[in-house]
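Please keep the view open as you read the points below.

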Amino acid sequence: MARSSSGFVAGLAAAAVATIAFLAYRAHADVPPGLGGRPGASATPATGAAKAPRDRRHPAALPGDSGTGERVVYSVDDDRVWLVGAGGRVENTFKVAPGTVDPAPGTYAVTSRSKAVTGTDGVPVEHVVRFAGAKGVVIGFSAAVDSAEPQTVPDPTLQTGGIRESRPDGDTMWMFATIGQKVVVIR
């Protein structure tokens, strides 16, 4: 009797594993477009995106064609961030220091946040706001704990996605860019 009951239990366990595998496959197959892909990335990158129009007399002014509504706008060409309120009014703008890997131009959403971690370059950082991924690297905003200014020259031998802000700007970004907040990356 013991041999037949252990075979029965093994059969039930195999059926359970097969059911879980099938359900996992179905869940992955039913993910809506734009939600799949690499963990941490939530994007609709714009291929071949042209540089957004700028006001030459006011280089810190919000570029045209940078989206609508409440959002974070990040220019990879200008190394600048704009925090735009729901009414389209710029609440803050500041310079940043990019990592060695840039996100593609497009619209993303904040996917995760961490109060304090160690960056991929070994630097302790705070107020980490992640929104994209590229080349297997997670990309987000952060502030180096031991610096009042953004780090200016990342180590070119490291693959880093940390877009560094000053600590005060990191505090501002942390309060503004919560999970799901729209992030528009422009050239």
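Predicted model: local features only at pLDDT ≥ 70, side-chain atom pairs only at ≥ 80, totals over all residues.

**Strands and a crossing helix**

1. The strands concerned are β8, residues 137-144, and β9, which pair in the parallel sense over 4 bridges.

2. Now the wider setting. An open sheet is made of 4 strands, ordered β6-β7-β8-β9, and its pairing is mixed. Because β6 (112-118) and β9 (162-165) are at the edges with a single partner strand each, one side of each has no neighbour in the sheet. On average, neighbouring strands here are turned by 30° against each other, direction ignored.

3. Next, look for helix α2, residues 167-176. Helix α2 lies across β6, β7 (124-134), β8 and β9, and runs at about 60° to β7.

4. Strand β2, residues 71-75, deserves a visit too. β2 is mostly covered, with 5 of its 5 residues buried. Arg-71, Val-73 and Ser-75 point one way from β2, while Val-72 and Tyr-74 point the other way.

5. Which strands pair with β2, and in what sense? Strand β3 (residues 80-84) pairs with β2 in the antiparallel sense over 5 bridges, and Ser-75 stands opposite Arg-80 in β3. Strand β10 (residues 182-186) pairs with β2 in the parallel sense over 4 bridges, with Val-73 opposite Val-184 in β10.

6. A last stop is the hairpin of β2 and β3. There are 4 residues between these strands, and Asp-79 takes a positive phi near 50°.

Terms used. Residues numbered from 1 in each chain as written. Heavy atoms only, no water. Pairing = 2+ DSSP bridges. Helix = DSSP H or I, 4+ residues; strand = E, 2+ residues; numbered from the N terminus. Axes fitted to C-alpha atoms, helices over the stretch in contact; angles between N-to-C directions. Contact = heavy atoms within 4.5 Å. Buried < 20%, exposed > 50% of the residue type's maximum accessible area, 1.4 Å probe, protein only.
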